[in-house]
Amino acid sequence: MPADSKDSWNSASEGYAPFEAFTGQFTRAACVELPDLLPETSGTVRIMDVAAGTGASTFALGKQMSDHCRQARRTAAIVATDFSDVMLKTLMQKFNATAADSEVAATQAAAKEGVLELTSQVADAQDLSAFADGTFSAITCTFGIMFPPSPEKVVREFWRLLMPGGVAVVTTWHYNNIPYDILPDIAHVFKGHSRFKDLPMAAATHKFGQECYIRRLFRGDLDSGPKLWKDSDLSARFVAGSSVCLPQHLAAMMNKNPLSSDLGDWDEAAVEKYLQDHWTGENGQIILRGTALVLVARKTKSE
Ligand SMILES: C[S@@+](CC[C@H](N)C(=O)[O-])C[C@H]1O[C@@H](n2cnc3c(N)ncnc32)[C@H](O)[C@@H]1O
């Protein structure tokens, strides 16, 4: 199933937790400075988390904004959007259940106090027309912008939705993402393919981790559409991180992840054994390493 299809992401939501555990550290790093970047507004601060998935990004944002709202005595409304209804259903189930996770619990507590509201809405990032122009102080999008067929449309929607002075914080994978190391290796062994030089989706998503590409995308230079951000309103930084994962979790995730499902179904037990034999270090765990690119794009007030 192609990775830009909704069905593919709907079925991925089931095995998404270990991936989320890994990517969460980058998500947190991306939204940590968001409160300082927000424009002055008199009323409730409105933020959209685009391609929110099962909520790793949304709840990290929820925790940051809970602390900020209490300190600054303001209120925030976060709307999580995604084209996968199953992803969003899982996100809202987390929000409505008793939470062990500290970011979910912080978001719930703030909602109970009335300083923060969290809602979700199914929407394709390329068409967010259900939301009015200039109504968001911030838009966050972590590991999402690389999947829609037209990222140019997504960026135009961000521009339209942001109020003057508003900011988009977009996180993408830089070069050393896990599938680059592990997927070609096990694909070779279990699928009878020759070793991949480029993976189908990894190849497509790779360019988003390059600062020059993402700057061109946000400037509106990649198609004949309107010019958007000025280069001086864009800033990028790189965040490196690592975490550990058990082979069974990674194997289950690979079978469900659209990034690898382009290659067909995996034999989960065989993948687990191969990972165990070739990839584990101390305590039978796999070390996942990655680098993310965080782009901050401010919509200048003069526009
Ligand atoms: C790798 S996940 C990231 C989820 C979350 N932001 C996080 O940090 O864990 C990518 C998400 O993009 C969503 N997605 C893919 N194409 C989309 C589109 N055209 N519009 C909206 N969401 C999309 C998928 O459903 C999936 O939830």
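Two residues are in contact if their C-beta atoms, placed from the backbone, lie within 7 Å. Residues 24 or more positions apart account for 79% of the contacts in the protein chain with a separation of 6 or more.

This is a predicted model: local features need pLDDT of at least 70, side-chain atom pairs count at pLDDT 80 or more, and totals for chains, interfaces and linings use all residues. Residues are numbered from 1 along each chain as its sequence is written.

The protein chain has 13 helices and 7 strands. These are DSSP runs, numbered from the N terminus: helices are H or I with at least four residues, strands E with at least two.

**Ligand shell**

The shell around the ligand holds 22 residues; Trp9, Ala51, Gly53, Ser84 and Pro148 come nearest. A residue counts as near if its C-beta atom, placed from the backbone, lies within 6 Å of the molecule. Helices H2 (17-31) and H4 (56-72) each give two or more residues to this shell. H2 gives the largest share, 3 residues.

**H2 against H4**

The axes of H2 and H4 come within 9 Å and cross at roughly 40 degrees. Axes are lines fitted to C-alpha atoms over the stretch in contact, and angles run from 0 to 180 degrees between N-to-C directions.

| Helix | Residues in the H2–H4 contact |
|---|---|
| H2 | Glu20, Thr23, Gly24, Thr27, Arg28, Cys31 |
| H4 | Ala56, Ser57, Ala60, Leu61, Gln64 |
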